[in-house]
Amino acid sequence: MSRIRRVMLVQPESPGGNFEYVVIPRQGLLFLSGALQQSKGRYLYERELHFEDRSGKLDIEKDLDGVDVLMISALINEAPRAYEIGRLAKQNYPNIISIGGGPHMTPLAEEAIREGKFDAIVLREGEDIIAQLTDVLLTYKDADLIKELHKILNNDKTSNQKKEDVLKRLRIL
């Protein structure tokens, strides 16, 4: 089985008020793409970036055909479109791994998972963990495992030693 996985990184269309007309566009997806390219993990990532403000709306059925992982980063005013893309992706491609992030989803991760049907939300900058997280999600494709890890790592009653043990096991993957 091939180690190559296709990743689509998307910045949703803005209803206005973003930086889309500024000389320097947002850089987050470029950093994530670079982190995936430099990964020394289990998979090799073929990456495609889609900025809806520049390239037009993503055609879910056509553009996501053959994609293994969908990553979406959204500002607050892009969140409704980000959630729509996430939902439609899961409807059309139930096995696609979807990861959300960005300034809106970081503080509202539960909303993003509920509304956008994401498998995971990256909190804060994702460059340091995106390749490892993607490797884990592709390897296990089990949302229950990820939810259980989230509970363990974010539960105040879980000892620091147990949290360290869980993190050490994840590093072995």
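Reply: Start with strand E1, residues 4-11. Six of its eight residues are buried, so E1 is largely enclosed by the rest of the structure. Keep in mind that this is a predicted model.

Now the partners of E1. Strand E2, residues 44-51, pairs with E1 in the parallel sense, over eight bridges. Strand E3, residues 69-73, also pairs with E1 in the parallel sense, over four bridges. Val7 is a handy landmark. Arg47 in E2 stands opposite Val7. Val69 in E3 stands opposite Val7 as well.

Next, the helices. Two packed helices are described by the angle between their axes and the distance between the axes.

Take H1 and H6. Helix H1 spans residues 28-37 and helix H6 spans residues 130-140. They pack at an angle of about 65°, and their axes lie 8 Å apart. H1 and H6 are therefore roughly perpendicular to each other. H1 brings Leu32, Ala35 and Leu36 to the contact. H6 brings Ile130, Ala131 and Thr134. By class, that contact has five nonpolar residues, one polar and no charged ones.

Then H4 and H5. Helix H4 covers residues 79-92, and helix H5 covers residues 109-116. Their packing angle is about 45°, with the axes 8 Å apart. That makes H4 oblique to H5. On the H4 side, Tyr83, Gly86 and Arg87 make the contact. They meet Glu111, Ala112, Glu115 and Gly116 of H5. By class, the contact of H4 with H5 has two nonpolar, two polar and three charged residues.

Definitions and conventions
Residues are numbered from 1 along each chain as its sequence is written. This is a predicted model: local features need pLDDT of at least 70, side-chain atom pairs count only at pLDDT 80 or more; totals for chains, interfaces and linings use all residues. Side-chain values use heavy atoms; hydrogens and water are left out. Axes are lines fitted to C-alpha atoms, for helices over the stretch in contact, and angles run from 0 to 180 degrees between N-to-C directions. Helices (H or I, at least four residues) and strands (E, at least two) are DSSP runs, numbered from the N terminus. Angles under 35 degrees count as roughly parallel, over 145 as roughly antiparallel, 65 to 115 as roughly perpendicular and the rest as oblique. Contact means heavy atoms within 4.5 Å. Ala, Val, Leu, Ile, Met, Phe, Trp, Tyr, Cys and Pro count as nonpolar, Asp, Glu, Lys and Arg as charged, and the others, Gly among them, as polar. Buried means under 20% relative accessible area, exposed over 50%, partly exposed in between (1.4 Å probe, protein chains only). Two strands pair if DSSP finds at least two bridges between them.
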